[in-house]
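I opened a new structure today and kept notes as I went. The sequence and the model come first.

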Amino acid sequence: MVVVDGTKVEEFDFETVNKRQISGNIYLAKVTRVEPSLQAAFVDYGGNRHGFLAFAEIHPDYYQIPAADRDALIAEEQAYAEAQEAEESSRGSKRRRSSSKAARAQSDDETVSAEAQADDADEDKSAGNDQAEENGGEETDATDKDDSIESVADEDVTEEIRVTKKPRPRRYKIQEVIKVRQIMLVQVVKEERGNKGAALTTYLSLAGRYCVLMPNTARGGGISRKITNAADRKKLKDIAGELSVPKGAGLIIRTAGSQRTRTEIKRDYEYLLRLWEQIRDVTFKSVAPAPIYEEGDLIKRSIRDLYSKEIDEVLVEGERGYRVAKDFMKMIMPSHARNVKHYADSMPLYARYQVESYLGGMFNPVVQLKSGGYIVIGVTEALVAIDVNSGRATKEGSIEDTALKTNLEAATRWRGSCACATLPG
């Protein structure tokens with residue numbers, strides 16, 4: 001999957017039969033080992049390796065303690081989350097008040113300055129007025145930027161979800177409340193890496209186009225922190241308040257919902273509610289370990305996370321893929337379904353738009369530099385190694401000058417490459 005502007009590749013993702021993305025998938029899993037030294041559990045969810053489940057990622061519903069203690073613990077978590085939310089809102093209000101005070105102080109300074117210079121020439125007054133008009137123009141531009149619609153990105157969801165469930169100090173240890181062979185509903189938050197198993201959580205999140213539903217997170221609702229415009233935040237809070245979120249669940253309106261109507265947000269929320277009911281039904285009929293819900297194949301993820309009003313059309317090669325894309329677009333954005341088109345030309349889709357060679361070069365671990373040097377990119381289990389070599393770049397007067405110039409050129413080339421390609425993982 002590529003997003004192109006002309007022949008320039010702006011986004012890239014891929015999926016193969018042998019390696020499908022599991023991040024975001026939900027599984028019914030069984031605890032195979034509780035590790036006190038790590039305060040974590042290893043669970044069998046049906047993957048290649050057992051998943052890693054940290055104690056902080058286990059919901060109190062799974063604690064094997066008396067029901068009254070569990071209810072008190074859940075209430076405590078909810079109160080803690082609400083206190084955090086109130087504290088964040090208070091900090092935001094203080095920042096806004098500080099900004100207002102600074103603006104008033106600046107205005108007062110300008111007034112005093114204007115009074116002190118009342119006897120100056122008329123042209124000086126005109127210059128002051130011109131400067132004020134320029135400042136006003138800059139404020140308008142800033143507001144316009146705040147109002148712009150951003151594409152939905154994975155980090156937008158991840159950031160907000162992580163904020164909502166920071167745990168308060170725990171009174172239990174994992175070995176006291178979690179037992180081997182215990183059954184849990186878990187979600188993958190990080191893919192398997194080399195010999196490491198996937199990272200898991202029991203705090204589930206279902207991402208839609210404009211909303212994120214968190215079925216078991218102790219928070220009533222929220223607005224993406226990336227939406228900074230005060231009027232937009234107030235409007236979205238009013239919309240969120242009208243939605244009947246189940247007790248014990250949470251809802252976040254994503255950045256892409258900043259300029260959306262009540263009807264659009266409500267439709268997306270109702271879709272997530274139906275999805276959660278389906279997940280519950282499948283869970284009750286399954287035996288661990290078993291897959292319960294797939295985050296969505298590449299086509300669905302791409303439309304949900306990358307499609308925006310700036311995209312003119314979505315071309316899909318292959319009848320099956322076209323039907324998946326068309327049906328999914330009809331479900332989440334019916335008015336945009338006409339933009340999904342079936343590509344049936346004899347020439348392959350990527351060859352037609354001249355991106356085949358670009359994609360081929362993207363996976364070459366050696367990047368040549370104009371000076372004669374080159375970059376070698378090596379992917380390991382723990383990190384990505386970037387080695388810069390001078391190669392044939394020998395025109396400088398000293399080794400220090402050669403190293404500096406080669407590194408500066410490599411940094412510029414690397415920054416440009418990262419700006420136009422998003423590699424999975």
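Entry 1, ground rules. I am working with a predicted model, in which local features need pLDDT of at least 70 and side-chain atom pairs count only at pLDDT 80 or more, while totals for chains, interfaces and linings use all residues. I number residues from 1 along each chain as its sequence is written, and side-chain values use heavy atoms, with hydrogens and water left out.

I looked up the secondary structure and found 11 helices and 17 strands in the protein chain. Both are DSSP runs numbered from the N terminus (helices H or I, at least four residues; strands E, at least two). Of the 425 residues, 36% are buried (under 20% relative accessible area, with exposed over 50% and partly exposed in between; 1.4 Å probe, protein chains only). I noted an accessible surface of about 24800 Å², with 51% of it belonging to carbon and sulfur atoms (Shrake-Rupley method, 1.4 Å probe; for residues, only the protein chains shown count as cover). Among contacts (heavy atoms within 4.5 Å) with a separation of 6 or more, 67% are between residues 24 or more positions apart.

Entry 3, a sheet. I traced an open sheet of 3 strands in the order β15-β16-β17, paired antiparallel (strands pair if DSSP finds at least two bridges between them). β15 (366–368) and β17 (384–389) are the edge strands with a single partner strand each, so one side of each has no neighbour in the sheet. On average, neighbouring strands here are turned by 20° against each other, direction ignored (axes are lines fitted to C-alpha atoms, for helices over the stretch in contact; angles run from 0 to 180 degrees between N-to-C directions). I found 3 bridges between β15 and β16 (residues 374–379), and Val366 has Val376 as its bridge partner in β16.

In strand β13 (residues 314–317), Val314 and Val316 form the covered face, Leu315 and Glu317 the uncovered one. Side chains in a regular strand alternate between the two faces of the sheet. β13 runs parallel to β14 (residues 340–343), joined to it by 4 bridges, and Glu317 stands opposite Tyr343. From β13 the chain passes through helix α8 (residues 319–332) to β14, a right-handed β-α-β crossover (clockwise from the first strand over the helix to the second, with the strands pointing away from the viewer).

Is Thr406 buried or exposed? Thr406 lies in helix α11 (residues 399–420) and is buried, at a relative accessible area of 4%. Leaving aside neighbours within four places in sequence, I listed Leu369, Val388, Asn389, Ser390 and Ala393 as contacts of Thr406.
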